[in-house]
Amino acid sequence: MSGLACCSNPPILDPFCGVGHVEKLGGLDVYLTGSLLSTIAILFVSDIYGYQAPIIRNLADRVAAAGYYVVVPDYFNGDPFDPENLDRPLPIWMKEHRPEKGFKASQPIIEALKSKGVSTIGAAGFCWGAKTVCELGKSNLSQVVALAHPSSITVEDIDGVNVPIAILGAGLDTITPPEVIKQFEQVLAAKPEVDSFVKIFPNVSHGWTLRYNTTDPEAVKPAEEAHQILLDWFNKHLKREIC
């Protein structure tokens, strides 16, 4: 099983970041962005730093601009991991925020979206969020899924997903290293009926899609490539239903 460890360069949190807005949905605060007329929603399940991080909100805005309604829930109820809180290191924080809890918390959000006219759900999970997204794919609550630098998932999790799945790994990842990503790829290769895409980005570390120096071109380039792959993946499997 892949573990979960503290990632470097935590984001500067800005609750006012993004062009969307925050409201309650399915019992949680959520960042919402995109057209209310879209019948397709994409659920973003964040890493341990939560839904206020500027990069995940900006990415949500970018995906929404392609015609989707994007939802970024606060799975941590206002309690994202704070690496500066030395009295509450990651193992203690994780006991209260197990990745398995995300799946249960997602269900009322999906129900609320469907009550608003959403007919199709996609989901993207980053690090902590990968477990939730795998479970959504296994249960068919999401019709297409994508994982970026996943953690806390197993070969069995990947084998259980029967919807299109994309996995983006990091060549320097010590949490879910390339050899584990390759095991996931082998499992998916044995299931040709499930469309899949797997890419390992060289010379980047765990968390590179959400936590990077936005003024460093060498960091921005692989992050933006990953962002485009995620958008292309959703377009490939969902664009036919966009209003």
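Student: Leaving aside neighbours within four places in sequence, which residues is F197 in contact with?
Tutor: This is a predicted model, and contact here means heavy atoms within 4.5 Å. By that criterion F197 is in contact with I165, A166, I167, L168, I229 and W233, once its neighbours within four places in sequence are set aside.

Student: Where is F197 found, and how far is F197 from E185 in space?
Tutor: F197 is found in strand 8. From C-alpha to C-alpha, F197 and E185 are 8.1 Å apart, while 12 residues separate them in sequence.

Student: Where does D216 lie, and what is its relative accessible area?
Tutor: D216 lies in the loop between strand 8 (196-201) and helix 7 (217-238). Its relative accessible area is 30%, so D216 is partly exposed.

Student: How is a pair of packed helices described?
Tutor: Two packed helices are described by the angle between their axes and by the distance between the axes. In this model, the axes of helix 3 (residues 101-115) and helix 4 (residues 129-138) come within 9 Å and cross at roughly 60°. Helix 3 is therefore oblique to helix 4. The crossing of helix 3 past helix 4 is right-handed.

Student: Which residues make the contact of helix 3 with helix 4?
Tutor: Helix 3 contributes G102, F103, S106 and I110, and helix 4 contributes T132, E135 and L136. Sorted by class, the contact of helix 3 with helix 4 has three nonpolar, three polar and one charged residues.

Student: How many residues of helix 1 are buried?
Tutor: Helix 1 (residues 54-64) is mostly covered, with eight of its 11 residues buried. These buried residues are I55, I56, R57, L59, A60, D61, V63 and A64. They pack against strand 1 (21-25), strand 2 (28-34), strand 3 (40-45), strand 4 (69-73), strand 5 and helix 7.

Student: Where does H149 lie, and is H149 buried or exposed?
Tutor: H149 lies in the loop between strand 6 (144-148) and helix 5 (155-160). Its relative accessible area is 0%, so H149 is buried.

Student: What does H149 touch?
Tutor: Not counting residues up to four places away in sequence, H149 touches F126, C127, L168, D173, H206, G207, W208, T209 and L210. With one of these residues, T209, the side chain of H149 forms a polar contact of 2.7 Å.

Student: What is the phi of C127, and where is C127 found?
Tutor: C127 has a positive phi of about 55°, although it is not a glycine. C127 is found in the loop between strand 5 (120-126) and helix 4. With a relative accessible area of 0%, C127 is buried.

Student: What is the phi of S152?
Tutor: S152, a residue other than glycine, has a positive phi near 60°. S152 lies in the loop between strand 6 and helix 5. Its relative accessible area is 9%, so S152 is buried.

Notes: Residues are numbered from 1 along each chain as its sequence is written. This is a predicted model: local features need pLDDT of at least 70, side-chain atom pairs count only at pLDDT 80 or more; totals for chains, interfaces and linings use all residues. Side-chain values use heavy atoms; hydrogens and water are left out. Axes are lines fitted to C-alpha atoms, for helices over the stretch in contact, and angles run from 0 to 180 degrees between N-to-C directions. Helices (H or I, at least four residues) and strands (E, at least two) are DSSP runs, numbered from the N terminus. Angles under 35 degrees count as roughly parallel, over 145 as roughly antiparallel, 65 to 115 as roughly perpendicular and the rest as oblique. A crossing is left-handed if the near helix is turned anticlockwise from the far one by less than a right angle, and right-handed if clockwise. Ala, Val, Leu, Ile, Met, Phe, Trp, Tyr, Cys and Pro count as nonpolar, Asp, Glu, Lys and Arg as charged, and the others, Gly among them, as polar. Buried means under 20% relative accessible area, exposed over 50%, partly exposed in between (1.4 Å probe, protein chains only). A polar contact is a pair of N or O atoms within 3.5 Å; within protein, one must be able to donate a hydrogen and the other to accept it, and residues adjacent in sequence count only if both atoms are side-chain atoms.
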